[in-house]
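Thanks for coming, everyone. I have one structure to walk through today. Please look at it with me.

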Amino acid sequence: MEFSYLNPTQIEFGQGKISSISSLIPKDNKVLFIYGGGSIKRNGVYDQVINSLEGYNFFEFSGVEPNPTKETLDKAIKLAKDEDIDFILAVGGGSVIDGAKYVAHSYYYEGDGWDILEGKYISEKALPIGAVVTLAATGSESNTGSVITKAQTKEKRFFRSVHSFPKFAVMDPSVLKSLDDRQIKNGLVDAFVHTCEQYLTYKQGRIAQDNYAEGILRGLITLANSVDNRDDLWYANLLWLANQAFNGLIGAGVTQDWATHYIGHELTGLYGIDHARTLAIIQPNLFRVLKEHKAGKLLQMGENVFRIDTTDPDIIINKIEELYKSLDIDLKISDYTDDKEVKEKVIPLLIKHGFSKLGENQIVDTNIVEKVLDKSM
Ligand code: NZQ
Ligand code: ZN
């Protein structure tokens with residue numbers, strides 16, 4: 001086992017913590033306050049942020065969409081450059097925080113920010129970011145990931161950089177109460193799949209990572225089973241579980257999968273299907289196609305997460321799928337689009353994006369993707 005682990009994001013967790021922003025951003029910094037389509041104006045978060053920014057020289061940029069587009073974010077880059085911004089405050093879900101990361105990196109680049117997503121430009125620095133997370137799902141508030149869409153070409157791409165870690169993440173669970181059931185359920189699924197992408201590969205003997213991942217999975221299942229009876233502690237647990245699922249810890253020194261995510265990103269780019277729903281569609285079928293390869297870990301998950309003693313991996317795959325169904329997630333691509341030529345579009349895009357071999361040990365080639373998509377139609 002060999003790894004380098006860093007997570008420098010300061011976490012401020014708890015009700016009322018939005019006020020801590022004023023002690024976390026240097027007073028002389030010019031701040032760009034970035035947010036989404038307006039949910040924060042309806043649930044009181046906007047007012048709390050504005051109060052905390054009293055005395056700062058700050059600018060607002062709103063309208064970052066779910067699955068944030070380069071086209072929108074490029075306007076924020078222009079504003080940041082025109083106003084010589086020093087610090088970006090992202091207030092929203094994964095989309096806003098991911099968008100802020102793209103702006104923070106593009107700030108120091110003269111070319112088209114999309115070059116970062118295409119790997120044509122590797123940025124060496126970025127503006128500092130602070131995050132106030134309002135949706136529990138992605139872990140973006142304390143990780144290095146950012147997923148951006150180019151609306152013009154319907155491409156959804158991913159970049160990672162150590163310079164993307166937010167300086168701080170404010171995590172106030174009471175903010176999640178204004179989320180609708182669909183976003184809450186999407187968040188449970190996204191966090192569950194993030195954990196699986198790092199855990200459900202093959203037996204690697206990583207005792208700490210496996211045990212922590214299994215604890216996160218059991219916790220998410222407990223929350224899924226009580227999703228209709230949410231209290232303050234339920235929201236707090238979801239927020240922290242989703243963060244822990246994808247803050248780097250359970251994946252340290254582990255060979256990881258992520259094929260479900262890369263296939264899912266193409267489906268969101270092409271058809272606008274919610275990120276978590278693409279994962280729930282693809283993942284059980286990927287496991288079915290790779291059943292023999294993943295059997296050891298599926299059975300371990302059966303024993304330690306679902307508490308099922310079996311030698312049949314299909315039983316565990318079905319349990320995972322039942323979990324998604326219990327959260328009212330439609331599990332066929334045809335539930336979301338009439339397009340019959342999905343694989344004809346997804347596979348060339350994966351190849352274009354450099355993903356002709358995916359998954360742990362690069363075992364998911366385009367033939368396997370085709371089988372998975374056939375099962376998912
Ligand atoms: O835009 P507003 O008005 O704020 O509304 C949002 C949006 O419509 C709303 N919302 C957020 N917080 C709310 C709220 N509504 C009521 N009350 C609140 N407290 O929820 C909607 C969805 O928000 P979004 O940010 O898109 O959701 P999520 O956090 O699930 O982020 C999804 C994006 O993150 C990417 C996905 O691909 C997708 O683009 N991912 C980012 C990752 C990362 N950075 O590491 C990893 C993930 O695997 C994922 O790919
Ligand atoms: Zn995800």
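How much helix and how much strand does the chain have over residues 8–173? This is a predicted model. Over residues 8–173, the chain is 28% helix and 25% strand. The end C-alpha atoms of that stretch are 21 Å apart. UniProt, in an unreviewed entry, lists residues 8–173 as "domain: Alcohol dehydrogenase iron-type/glycerol dehydrogenase GldA".

Now the other annotated stretch. The unreviewed UniProt entry also places "domain: Fe-containing alcohol dehydrogenase-like C-terminal" at residues 188–355. Here the chain is 68% helix and 0% strand. The end C-alpha atoms are 26 Å apart over residues 188–355.

Next, the domain division. The protein chain splits into domain 1 (10–174) and domain 2 (181–376). Their centres, taken over C-alpha atoms, are separated by 26 Å. Domain 1 puts 19 residues into the contact, and domain 2 puts in 24. Which elements give two or more residues to the side of domain 1 that touches domain 2? They are β6 and β7. β7 gives the most, with four residues. By type, that side of domain 1 has seven nonpolar, seven polar and five charged residues.

Let's stay with β6 and β7. Strand β7 covers residues 155–160, and β6 pairs with β7 in the antiparallel sense over six bridges.

Now the open sheet. Six strands form it, in the order β1-β8-β5-β4-β2-β3, and the pairing is parallel. Why is one side of β1 and of β3 left without a neighbour in the sheet? β1 (10–13) and β3 (57–61) stand at the edges with a single partner strand each, so one side of each has no neighbour there. From one strand to the next, the twist averages 15°.

Zoom in on one pair. Strand β2 (residues 30–35) and strand β4 (residues 87–92) pair in the parallel sense over five bridges. Ile 34 stands opposite Ala 90 in β4.

Last stop, the ligand. There are 34 residues around ligand 1. Gly 36, Pro 66, Gly 93, Gly 94 and Gly 145 come nearest. The elements that give two or more residues to this shell are α2 (39–42), α5 (94–106), β6 (145–150) and α7 (181–199). Which element gives the most? α5 does, with four residues. The shell divides into ten nonpolar, 22 polar and two charged residues.

Key: Residues numbered from 1 in each chain as written. Chains lettered and ligands numbered in written order. Predicted model: local features only at pLDDT ≥ 70, side-chain atom pairs only at ≥ 80, totals over all residues. Near = placed C-beta within 6 Å. Nonpolar A, V, L, I, M, F, W, Y, C, P; charged D, E, K, R; others polar. UniProt positions renumbered as here; feature names shortened; annotations may be inferred. Pairing = 2+ DSSP bridges. Domains from an automatic or database assignment. Contact = placed C-beta atoms within 7 Å. Axes fitted to C-alpha atoms, helices over the stretch in contact; angles between N-to-C directions.
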